[in-house]
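Welcome, and please take a look at the model below. A short tour of some of its parts follows.

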Amino acid sequence: MTGKEAYRIWAPAGARWTDWVRPVPFVTAGSFSGAYCDPDFHVPAADYVDEHYEDAAVIVDLPGAESVREGIALAKAGYRPVPIYNGTAEQPGARAAVDNQTVGTALIMAAEELEQIRIREDALPAFLTDSSRMNQFRMDASLFDNSWDVYAQDLPSADYFIKNGIRKVIVVGEKISADLRIILYGFQKKKIKIFLAKPCGIPKRKILRRPFRQEIE
Amino acid sequence: MKLIPVRKDLYEEYRLTVMFDCYKWDPQFLDHNTVARYALALTQEEHEELMGLTEALDRETRAAELFLNTHPKIARPLELPGSMRREIRSMGDYEPDKHIRLMRYDFHPVEEGGWAVSEVNSDVPGGFAEASLMPETVVRFLDGEGNYWYKDFGDILTDAIQEKTAAGGRIMLVHCTCYSDDRQVMQFLGDRLSERGFHVIYGAADHLRFRDRQAYSILDGNEGKIDAIVRFTPLEWLTEMKPKRWQGYFDTLTVSCNHPAAIYAQTKRFPLVWDALEKNGVSMSVWRALLPETVEVKDAAGKEDFIFKPAYGRVGEKIAIREACGEEEYQKILKDVRRHPKRYLAQKRFHSRPLPGGSGEKFHICLGSYTVNGKHAGYYARLSETPRIDSNAADLPVLIEGRNGHDR
């Protein structure tokens with residue numbers, strides 16, 4: 001399957017929320033090394049989705065291909081998975097700060113399974129991101145830094161969420177990372193409630209404090 | 001000049017093609033689709049007029065930067081950052097002919113007729129693929145028939161790089177490697193350069209070191225001499241880099257696009273040195289005819305219809321136009337202007353003439369016109385519902401009426 005074919009499955013024309021699917025891993029899929037293939041692409045059941053998830057947009061913030069698998073699981077539970085991965089591949093020959101290729105390969109592999117799932121037109125969105133993305137640690141300056149952040153412009157605005165009946169955002173992951181905290185603080189100011197659900201756990205309400213000015217800039 | 005709609009039934013396919021075949025990796029910004037549902041068609045006459053104005057502006061800009069480079073006292077009102085001022089002293093023997101000079105001038109149609117120019121993107125203009133591949137692509141999706149041609153910016157820039165770089169040479173495309181928005185621009189150019197047989201290295205500003213004024217790559221697995229640098233990291237970001245590893249950029253003999261001399265016209269405070277330039281025989285008459293009156297922030301007090309622009313703003317960021325910003329953003333910018341007046345300038349507002357789209361819509365246009373080494377090199381346009389053309393604007397391919405095909 002080509003990257004473009006896979007993109008059509010993840011972002012079917014005219015479906016709600018799919019305008020936010022970032023094309024980067026799909027466009028560059030052809031350049032990925034086969035070494036990044038995940039031979040054990042097993043999709044868990046998202047049986048934790050219960051009444052806590054009503055009127056909620058989800059942000060899946062798990063490591064690498066695990067976030068893609070969780071996206072497929074949430075699709076089976078009625079969500080529209082929206083991949084917002086935005087990391088690029090490294091210069092050939094260079095060691096990279098982040099493995100962005102595994103996610104790309106996983107998206108292509110998962111597309112066939114996603115195609116078999118019927119997602120309702122009014123499905124709520126589950127935005128998928130890789131929690132390893134902000135690994136900016138460089139052992140030395142010669143490394144290729146392809147770490148990346150999620151920015152406010154990568155998601156719908158708080159007003160858009162509210163207009164579409166969404167009153168809370170649940171982050172599925174170990175923590176609310178620094179980049180998401182900046183965006184979600186803005187959402188909180190607009191009266192959207194923020195929750196954190198550790199994998200398979202019950203969502204717990206989070207009151208976010210104002211991020212430092214430096215973090216915002 | 002007119003907007004031609006993309007066929008409604010083909011728009012989704014067009015957007016997908018733009019993403020996958022035209023390096024448009026950021027098709028959405030917040031709630032805004034950034035792939036316009038139109039193309040912009042210029043008449044042959046409009047194109048010739050714009051081409052003439054662009055090249056005339058470019059002659060003035062290049063003459064000004066050469067003069068400023070050897071007259072630092074005259075450059076003082078530009079308020080370049082202190083760290084940069086120290087380094088530009090080493091650019092005294094800058095020879096423009098040894099490098100590639102790329103600029104983009106932003107034109108706007110105005111209500112009284114003709115054009116206003118809002119700025120020159122002198123240091124690191126973007127929009128490469130939009131100016132090269134989108135025009136060719138959009139023709140297949142337009143409503144109605146017509147004969148159109150376009151200038152392939154990518155071919156022109158690649159020719160210019162090829163002319164000054166040894167065959168098969170190693171070219172580093174310097175950008176912020178964390179940003180896919182930067183990589184999309186570099187990837188387009190990198191693919192074009194690879195087709196010409198160059199060895200392309202995607203790297204960050206701190207992957208270069210300089211020895212005896214020659215650039216070397218330290219990027220893991222890609223070490224060694226570099227024959228040309230194409231930089232997409234803005235110079236003012238580069239000089240904030242820590243640890244400090246950027247000094248060598250300013251006096252390197254390695255072919256550069258753009259050389260740091262680009263900073264003189266990049267700051268939006270550039271017009272504040274025109275009086276001094278003209279006293280020294282450097283004419284800025286075309287600029288004066290096209291750029292709205294520009295003054296220091298303090299000199300705009302009590303004057304009506306002035307807006308504030310940051311000296312190093314990009315894609316319309318932090319420009320204070322009340323109805324184009326939300327009130328909260330507007331007040332925030334004004335607060336920053338009061339706190340740091342030298343980081344801004346005041347400019348008389350021009351009144352953009354919107355173009356009609358379909359079903360009663362009207363759109364404001366920013367038409368970027370490129371030069372490479374002094375010659376006109378194509379167009380990149382954006383379209384917006386508001387007069388401020390910022391990150392919410394949509395990319396608009398530019399066509400010229402009259403015949404089919406493309407020109408280098």
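Which residue stands opposite F107(B) in strand 19 of chain B? That place is taken by L367(B).

## About the model

This is a predicted model, in which local features need pLDDT of at least 70, side-chain atom pairs count only at pLDDT 80 or more, and totals for chains, interfaces and linings use all residues. Residues are numbered from 1 along each chain as its sequence is written, and chains are lettered from A and ligands numbered from 1 in the order in which they are written.

## Chain B as a whole

Chain B holds 11 helices and 23 strands; these are DSSP runs, numbered from the N terminus, with helices being H or I of at least four residues and strands E of at least two. Its C-alpha trace spans about 60 × 55 × 40 Å along the principal axes.

Of the 408 residues in chain B, 51% are buried. A residue is buried if 20 or more other C-beta atoms lie within 10 Å of its own, exposed if 12 or fewer, and partly exposed in between, with C-beta atoms placed from the backbone. Among contacts in chain B between residues at least 6 apart in sequence, 75% join residues at least 24 apart; a contact needs C-beta atoms, placed from the backbone, within 7 Å.

A63(B) sits in helix 2 (residues 44–70) of chain B and counts as partly exposed, with 15 C-beta neighbours inside 10 Å.

## Strand 5 and its partners

Let us return to the strand of the opening question. Strand 5 (residues 102–109) of chain B is mostly covered, with 7 of its 8 residues buried. It runs antiparallel to strand 19 (residues 362–372) of chain B, joined by 6 bridges; two strands pair if DSSP finds at least two bridges between them.

Strand 5 of chain B also pairs in the antiparallel sense with strand 6 (residues 115–121) of chain B, over 6 bridges. Here P109(B) has W115(B) as its bridge partner. The two strands form a hairpin with 5 residues between them, and G113(B) in the turn has a positive phi of about 100°.

## An open sheet in chain B

Three strands of chain B form an open antiparallel sheet in the order 15-17-16. Strand 15 (294–295) and strand 16 (306–310) are at the edges, each with a single partner strand, so one side of each lacks a neighbour in the sheet. Strand 15 is joined to strand 17 (residues 344–348) of chain B by 2 bridges, and T294(B) is the bridge partner of Q347(B).

## A helix pair in chain A

Where does helix 3 (residues 64–76) of chain A lie, buried or exposed? All 13 of its 13 residues are buried, so helix 3 is largely enclosed by the rest of the structure. G78(A), whose phi is positive, near 105°, follows helix 3.

Helix 3 packs against helix 4 (residues 101–115) of chain A at an angle of about 20°, with the axes 8 Å apart. Axes are lines fitted to C-alpha atoms, for helices over the stretch in contact, and angles run from 0 to 180 degrees between N-to-C directions. Among the residues that meet are V68(A) and I72(A) in helix 3, and A106(A) and L107(A) in helix 4.

Methods:
Two residues are in contact if their C-beta atoms, placed from the backbone, lie within 7 Å.
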